[in-house]
Amino acid sequence: TALPRQQTLRAMMDWSWELLPEPERVFLRRLSVFAGGWTLEAAEAVAGDDALDALGQLVNKSLVVMEADRASAARYRLLETIRQYTRDKLFEAGAEEGSGARNRHLTFYLAFAEEAAPKLTGSEMIDILDKLEAEQDNFRAALVWSLSADPLAALRLTAALAAFWVSRLSATEAYALTQSALTVTEARQWDGEAAKTYLAAKAQTMMGAGSGLFTLGENRAALVAMEESIRLARQIGATRTLAGGLGLGAIIAGFLGKLDVVRAWAEESNALARRHGYAWELAMTASMGTFLALLSNRPIDPHFSEEVIRLARASGNPWAMAMAYMNVGRVTMFRGHLADALPILEQAAALFLRVHDRSQHNACRSEMGHLLRMQGQNAEATAVYAGTIRVWLELGQRAAATHELECFAFIAAGQGNCERAARLFGAAEALREAIGSSMTPIERREYDAGVSQLRGLMDEVALAHAWAAGRAMDMDQAIDYAAPR
């Protein structure tokens with residue numbers, strides 16, 4: 001029933017297949033389990049020995065494409081039509097052959113991810129992130145297979161990739177991938193060594209889930225995930241996971257105004273990091289400590305910023321450096337030293353760009369928008385927000401986009417455009433309710449002052465009418481109203 005052109009293509013591929021020696025047929029159909037290309041090392045692990053010679057033969061016959069990756073190393077791939085054809089041949093070869101190839105593929109990429117994960121907190125971070133990103137399609141394929149074939153491997157893979165996913169994927173996809181592994185493993189009973197492996201992987205995966213939910217602005221659900229990660233890490237004595245979970249959990253608790261939890265978790269995280277010499281966690285807790293102090297409206301030692309940057313440098317990690325500069329920039333800005341804050345935030349943005357972290361880079365850009373707005377440079381701030389709000393929407397971070405609607409409202413109110421400000425405040429209020437996102441203490445202080453000012457400028461009936469019109473908008477309509485294309 002295929003079209004004549006498709007019938008001709010199939011006949012040509014059948015002809016080419018029949019000309020291949022049997023060892024090359026076996027090798028080629030095993031290659032069909034790869035997604036998005038592979039390295040020589042991966043081909044040896046998945047398709048068989050003598051991979052270099054076999055690949056050379058298949059490249060010469062135009063059945064495999066060889067190209068260079070970012071580091072100019074050889075990388076191979078199948079054209080999609082050939083991949084589909086050879087996958088059919090793999091299915092025809094029987095369940096044992098197909099399962100064997102997929103299991104070897106899973107084993108290789110699980111080992112790859114677990115070996116790479118610890119290096120993400122050190123000086124090799126950018127190189128490791130790039131290598132992981134090159135294999136992203138293979139990780140997805142391995143995860144899909146493992147969900148049914150080996151659920152515990154699925155959870156281990158998710159645990160190893162959680163930090164990478166948060167950095168390089170959209171938060172929505174990262175959370176969905178994480179949940180798939182959690183769901184399938186929670187339905188099983190684990191005993192003996194498998195139970196230990198399960199609990200360790202789940203503790204790390206729950207931290208990844210908490211990070212993803214926090215990025216999406218679902219702070220209450222994020223805190224629940226972090227509480228579970230912390231509980232499991234305590235149960236099994238996983239001190240490094242515990243130190244990291246307490247540090248991230250303290251930030252999330254701070255956004256929810258739970259200041260007692262913030263203090264207890266931040267202090268414990270810092271103590272664990274110092275006791276065990278965890279350079280990354282120590283740098284992160286110091287960096288986050290500045291922001292937590294802002295959230296709780298506590299004074300900050302003027303020399304503390306120097307310590308934050310020193311510890312980030314000691315970790316050797318570019319992301320830790322970027323986060324340190326961003327938080328120091330935030331503190332500098334909220335202390336009122338606006339001119340000094342801008343170059344610090346620019347340094348942070350440049351570092352986040354180096355690690356290809358779009359979310360945190362956009363967060364830096366947003367902070368620059370806030371700084372410009374505080375300086376009264378409303379046109380410049382509006383231009384920044386017009387770009388960042390659409391990136392937030394693209395990344396699925398609706399809470400961040402909602403806050404920027406409030407920032408547009410602050411600008412409108414300051415310019416005397418009260419009806420526009422009321423519509424934007426109304427839209428933001430309805431959207432916060434829809435996604436269950438609460439304000440941080442910092443955001444709440446500015447919001448309450450802005451709305452109070454607006455109430456003093458507008459007739460009560462006109463304010464209610466404009467506010468209701470804003471509440472009737474959906475996210476896309478509100479963003480188009482705030483920042484027309």
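Me: Is Tyr 198 buried or exposed, and how do I read that?
Reply: Start with the cut-off: under 20% relative accessible area means buried. This is a predicted model. In it, Tyr 198 has 11% relative accessibility, so Tyr 198 counts as buried.

Me: Which residue forms an aromatic pair with Tyr 198?
Reply: Trp 190 does. Trp 190 has a relative accessible area of 19%, so Trp 190 is buried too.

Me: How do I read the geometry of the pair formed by Trp 190 and Tyr 198?
Reply: Look at the angle between the ring planes. Under 30 degrees counts as stacked, over 60 as edge-to-face. For Trp 190 and Tyr 198 the planes are 20° apart, and the centres 5.8 Å. The pair is stacked.

Me: How many aromatic pairs does the structure hold?
Reply: There are 17 aromatic pairs. Take Trp 17 and Tyr 85 as one of them. Their ring centres lie 6.0 Å apart and their planes meet at 65°, so this pair is edge-to-face.

Me: Where in the chain do Trp 17 and Tyr 85 sit?
Reply: Trp 17 is in helix 1 (residues 4-19), and Tyr 85 is in helix 5 (residues 80-92).

Me: Which residues form an aromatic cluster?
Reply: Phe 34, Trp 38, Tyr 76, Phe 108, Tyr 109, Phe 112 and Phe 139 form one cluster. Some of these names return in a helix contact. Tyr 109 and Phe 112 in helix 6 are among the residues that meet helix 8, where Phe 139 is one of the partners.

Me: How do helix 6 and helix 8 pack?
Reply: Read the angle, the axis distance and the handedness. Helix 6 (residues 95-116) and helix 8 (residues 136-149) pack at about 120°, with axes 9 Å apart. The crossing is left-handed. By class, their contact has nine nonpolar, five polar and one charged residues.

Me: At what angle do helix 20 and helix 21 pack, and what does that say about direction?
Reply: Over 145 degrees counts as roughly antiparallel. Helix 20 (residues 378-394) and helix 21 (residues 398-414) pack at about 160°, axes 9 Å apart. The two are therefore roughly antiparallel. Helix 20 passes helix 21 in a left-handed crossing.

Me: Which residues meet where helix 20 contacts helix 21?
Reply: From helix 20 they include Tyr 385, Ile 389 and Trp 392. From helix 21 they include Leu 405, Phe 408 and Ile 411. The contact has 11 nonpolar, three polar and one charged residues.

Terms used: Residues numbered from 1 in each chain as written. Predicted model: local features only at pLDDT ≥ 70, side-chain atom pairs only at ≥ 80, totals over all residues. Heavy atoms only, no water. Axes fitted to C-alpha atoms, helices over the stretch in contact; angles between N-to-C directions. Helix = DSSP H or I, 4+ residues; strand = E, 2+ residues; numbered from the N terminus. Parallel < 35°, antiparallel > 145°, perpendicular 65-115°, else oblique. Left-handed = near helix turned anticlockwise from the far one by under 90°. Contact = heavy atoms within 4.5 Å. Nonpolar A, V, L, I, M, F, W, Y, C, P; charged D, E, K, R; others polar. Phe/Tyr/Trp six-rings, centres within 6.5 Å; stacked < 30°, edge-to-face > 60°. Buried < 20%, exposed > 50% of the residue type's maximum accessible area, 1.4 Å probe, protein only.
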